[in-house]
Structure formats: C-alpha cells, structure tokens
Amino acid sequence: MFKFIGQRILFLIPILLVVSFIVFAILRLSPIDPAFAYLTQSQIPPTQEALEIAREELGLNLPFYQQYGIWLKNILHLDFGISYVTKRPVLEDILYYLPTTLNLAFLSMIVVVIFGIALGVLGAIKKDTIIDRGLGVFAFIAVSTPSFWLGFLLIYGFTLKLGILSPYKDFSPTSYILPVITLSLMSIAINMRLMRVSFLEHQSQRSVLYAYARGLSQYTIHKHILKNSILPIVTSLGMHFGELLGGAVIVEILFGMPGFGRYAVGAIYSHDYPVIQAFMLLMVVVFIVLNLLVDIALAYLNPKIRYKEV
C-alpha cells in the first residue's frame, strides 16, 4: 500500500510542474499589461516612465523563463506575491478568506455524502414504488435547477417572506444552512442516482441470492451490498468536492459570504494578477490532490487495484 501511495505521489510531481507552467503562461498571454494593472490599482498615472519602473519592480523586464523560475521558487516557499489591491501578501489574504470557503465546501460535502447515499439506497430498496418514483422526480428537478436561481428562491422564501434564515451573518452556524442547500442539492441528486444504480447492480448478483439461501438477515445482506456498491460513489464524491469548491464562488457572491471565491472574482475584475495566479494554481492543486486521495481510497477498499498497479 505504501509503495502504491509513493508511486502516485512521485507521478504527481511532473504534473504539478506542468500545471504551474501553464498557469503562469496563461496570464502572460493576457492583453492586459500587469504593470498597467499594478499602476491603475495603485492610483498612479500609467505614463511610459512609470510603466518601465513598474515592470522592473515586478520583474517583468526579465526573460520569460527567468520570470517563471523566480515565481516557481517563491511559490515553493509559499510566497504568492503582493496583491495589487489590498497591498498585503496574497498568502495572508488566502488564509483570511479560505476558511469560509472550506467550511462551506466541507459542510456541503457532508450533506452530499449522507443524503446522496441514504436516498440512493432507499430508492434501490423501494425500487418501482411511489418512493422511488418520487426520488426520481426530485433528482430531475434538482439537476435541472441552476444553483444561482435556487439561491434566489431560498433567499426570497426563507429570508424575505418567512424571515427565518439570514443569507449570511457573522460566521454563525445557521448562516450556512441556505448556502449549503444551494451548493449541495445538485450533487445530492447525482450521487443518489449513481448509488441507486450501483446498489441494484450488486443486488442482482448471484452471491446475494446465495446469501438469502443461507438465511442471512436482510440487514446483513444490504450492509454487504452497500460495501460493494460504494466504490463508484467514492470516485464521484472525490470529483464533486472539487466541483463544490468551484461552485462556492457563485454561492459566496449570492449570499455575501467573505470567501476565497468571492475574493478571486474581485481580483479578476481588478486584474490583480498575483491573486488570480494563486487562485488558479490552488484550484488545480486541489483537484490533483483529490484525485490522489480517491486513488488511495479505492486501493484501500479494493486491494485488486493496488496489486495490479504495483
């Protein structure tokens, strides 16, 4: 198992290097001059002399490969540069805004795991009943409803009409209820249907028929079916956590949450290049790390995978 994990980690090193180069190069292809954006945000007239001084200060007068080398070295030391807007180190801003985004994503993920698996198993057990059909209608509506529109409906119903829940206030637990529902509903529906299909597939296997013939209880049989049918859900949940982090951008703006996604959107409008680079790199790294964790989880649950790879 440790050899399998070591191989996966070593395989990620060249991928991360390629990703970092692409992230750095993409912003250099932008038509907006970083020096011009820096002077604009600093409220300095972008004269030719000021632009040259800014380019020298930001290292933009160096060859491309030297700029990338310096940036990569700084990134390895967790130095993401200075924000053009806040004039603070980007890492300091990230540490301030990121906890809100992570709280939202983790809470949403917990809701997705609980309800996605539970409702999927319920739909499989109650196959072709009114409960199964009702869950199918729910899944169709949930997948078809855009998150931003759902958020507006929740704010209108629970905040403006009923006055029960506020969109967001002072990091209180109740402030996360509406954002979590908005962010997690679509993922619940997708994983619920995937869980239902996987459970029914394993329920029809011959080993289950033998288990019934041996007189095992239905609870014991369903527990073993659930264990075997959880593998595709692990892969799906790993990908959905990355999607939840990405979707948090819209939810944070909609509910006025001071999260990293909202901060990054503001940086895009302001052409705050250090923040944009940090955001892009962190999102890609999150997806890569999630893929690694999914591979490890699958190898742990299914030994055939790690033995085959090693």
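**Whole chain.** Show everything as a cartoon. The model is predicted. Count the secondary structure: the chain has 14 helices and zero strands. Next, orient along the principal axes. The C-alpha atoms fill a box of roughly 85 × 60 × 30 Å.

**Inside and contacts.** Colour by relative accessibility. Of the 310 residues in the chain, 40% are buried. Now turn to contacts between residues at least 6 apart in sequence: 74% of them join residues at least 24 apart.

**Surface and charges.** The accessible area is about 17,500 Å², and carbon and sulfur atoms account for 69% of it. Select the charged side chains next.

**The nonpolar patch.** Select Val18, Phe21, Ile22, Ile26 and Phe64. Together they make a nonpolar surface patch of about 430 Å². Which helix gives the most to the nonpolar patch? Select residues 2–28: this is helix α1, the top contributor, with four residues.

**Valine 18.** Stop at one member of the patch. Valine 18 sits in helix α1. Is valine 18 buried, partly exposed or exposed? Its relative accessibility is 47%, so valine 18 counts as partly exposed. The partly exposed class runs between the buried cut-off, under 20%, and the exposed one, over 50%.

Definitions and conventions
Residues are numbered from 1 along each chain as its sequence is written. This is a predicted model: local features need pLDDT of at least 70, side-chain atom pairs count only at pLDDT 80 or more; totals for chains, interfaces and linings use all residues. Side-chain values use heavy atoms; hydrogens and water are left out. Patches are made of residues with over 30% relative accessible area and no salt bridge: like charges are joined within 9 Å, nonpolar side chains (Val, Leu, Ile, Met, Phe, Trp, Tyr) within 5 Å. Accessible areas come from the Shrake-Rupley method with a 1.4 Å probe; for residues, only the protein chains shown count as cover. A salt bridge is a side-chain nitrogen of Lys or Arg within 4 Å of a carboxyl oxygen of Asp or Glu. Helices (H or I, at least four residues) and strands (E, at least two) are DSSP runs, numbered from the N terminus. Buried means under 20% relative accessible area, exposed over 50%, partly exposed in between (1.4 Å probe, protein chains only). Contact means heavy atoms within 4.5 Å.
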